[in-house]
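Let's take a look at this protein together. Have the sequence and the model open while you read.

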Amino acid sequence: MATKIRPLQDRVIVKRVKEEEKTKGGLYIPDTAKEKPIEGTVLAVGNGKVLEDGTVRRLDVKEGDRVLFGKYSGTEVKLDGEEHLILREDDILGVLES
């Protein structure tokens, strides 16, 4: 049974893209030298940010968006054996458009 998680308020669940196994020149990168990717796909979004006057502002990102985020942003969680990242919308630097 797959675990479902629903982020609250302005939080977003992101799955990192798979890191590269080798360089453009064809050299393989050892696990110790790999850096965590700063790009991922949005899996779920919260309802929105609650403003001071009590209204809720919808998030600018939606499920399926490819986003860039800070290297050390968010909280890592493991769901069903896969690593995911819980971020606030403020931690997202931009949305990649194709």
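Two residues are in contact when heavy atoms of theirs lie within 4.5 Å. Leaving out residues up to four places away in sequence, arginine 16 touches Lys36, Pro37, Glu39, Gly40, Phe69, Lys71, Glu76 and Leu85. With glutamate 76, arginine 16 also has a side-chain polar contact of 3.4 Å (a pair of N or O atoms within 3.5 Å, where one must be able to donate a hydrogen and the other to accept it; residues adjacent in sequence count only if both atoms are side-chain atoms).

A quick word on the source: this is a predicted model, where local features need pLDDT of at least 70 and side-chain atom pairs count only at pLDDT 80 or more, while totals for chains, interfaces and linings use all residues. Residues are numbered from 1 along each chain as its sequence is written, and side-chain values use heavy atoms, leaving out hydrogens and water.

Now zoom out. The chain has zero helices and eight strands (DSSP runs numbered from the N terminus: H or I of at least four residues for helices, E of at least two for strands). Arginine 16 sits in strand β1, residues 11-16.

Of the 98 residues, 27% are buried. Buried means under 20% relative accessible area, exposed over 50%, and partly exposed in between, using a 1.4 Å probe and protein chains only.

| Residue | Relative accessible area | Class |
|---|---|---|
| Arginine 16 | 19% | buried |
| Glutamine 9 | 43% | partly exposed |
| Aspartate 80 | 46% | partly exposed |

Glutamine 9, in the segment before β1, has a positive phi near 50°. Aspartate 80, in the loop between β6 (75-79) and β7 (82-88), has a positive phi of about 55°.
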